[in-house]
Amino acid sequence: MEKRSKALEVRARQEEEDEEREREAIQRVSKNADDAMDLDEELDGFKLPTAEEKEQEETNGVDLAIVQRRIRAITKILNQFSRLAEPDRSRTEYVSQIISDIAYNYGYNEFLAERLFQLFSVNEVCLYCRRTLLLFRQSIPGYRIL
């Protein structure tokens, strides 16, 4: 009986330590995301793409760096929409653009990306996408994360 009790205590301590490490990892990722979001450079001259630019991106493709920058900028704009948004653009336009960018960048279909946005906040969706991509990369033997 005493052995079982000690085993349960050890397991509970291990679970608490695992949970603490997970919380710390999430805070580190969240802090990195916040630090990246604090960069005003992300918004310097940022404008949503026009219909012609979107059509051009569909036919010619788009650089992932541009998509990632756009995701960061739109996330920041959506978090402070009334202060940062372009006056003639609606929140729906920003949301539809970030959904298509997340689908393109992380390999999701737009239906899944849209559902994630219905369930979670913008920051949580971005954190989830980055985290699952990181976990996926770690699961591949021999894959190095730079």
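Contact here means heavy atoms within 4.5 Å. With that in hand, let us walk through the chain.

This is a predicted model, in which local features need pLDDT of at least 70 and side-chain atom pairs count only at pLDDT 80 or more, while totals for chains, interfaces and linings use all residues. Residues are numbered from 1 along each chain as its sequence is written, and side-chain values use heavy atoms, with hydrogens and water left out.

**The chain as a whole**

Among contacts between residues at least 6 apart in sequence, 59% join residues at least 24 apart. The secondary structure comprises seven helices and zero strands, where helices (H or I, at least four residues) and strands (E, at least two) are DSSP runs numbered from the N terminus. Read from the N terminus, the order of elements is α-α-α-α-α-α-α. The chain has 146 residues, and 25% of them count as buried; buried means under 20% relative accessible area, with a 1.4 Å probe and protein chains only. Its accessible surface comes to about 10800 Å², with 51% belonging to carbon and sulfur atoms; such areas come from the Shrake-Rupley method with a 1.4 Å probe.

**Two helix pairs**

Two packed helices are described by the angle between their axes and the distance between the axes. Axes are lines fitted to C-alpha atoms, for helices over the stretch in contact, and angles run from 0 to 180 degrees between N-to-C directions.

| Helix pair | Axes come within | Crossing angle |
|---|---|---|
| α5 (residues 91-106) and α6 (residues 110-119) | 9 Å | roughly 125° |
| α3 (residues 64-79) and α7 (residues 122-139) | 9 Å | roughly 155° |

The angle in the α5 and α6 pair makes α5 oblique to α6, whereas α3 is roughly antiparallel to α7. Angles under 35 degrees count as roughly parallel, over 145 as roughly antiparallel, 65 to 115 as roughly perpendicular and the rest as oblique.

On the α5 side, Ile 98, Ile 99, Ser 100, Ile 102 and Ala 103 meet Glu 110, Ala 113, Glu 114 and Phe 117 of α6. These residues divide into six nonpolar, one polar and two charged. Ala, Val, Leu, Ile, Met, Phe, Trp, Tyr, Cys and Pro count as nonpolar, Asp, Glu, Lys and Arg as charged, and the others, Gly among them, as polar.

For the α3 and α7 pair, Ile 71, Thr 75, Leu 78 and Asn 79 of α3 make the contact with Val 122, Asn 123 and Cys 126 of α7. Here the division is four nonpolar, three polar and no charged.

**A buried aspartate**

Asp 101 lies in helix α5 and is buried, with a relative accessible area of 3%. Leaving aside neighbours within four places in sequence, Asp 101 is in contact with Val 67, Arg 70, Ile 71 and Ile 74.

Definitions and conventions. Buried < 20%, exposed > 50% of the residue type's maximum accessible area, 1.4 Å probe, protein only.
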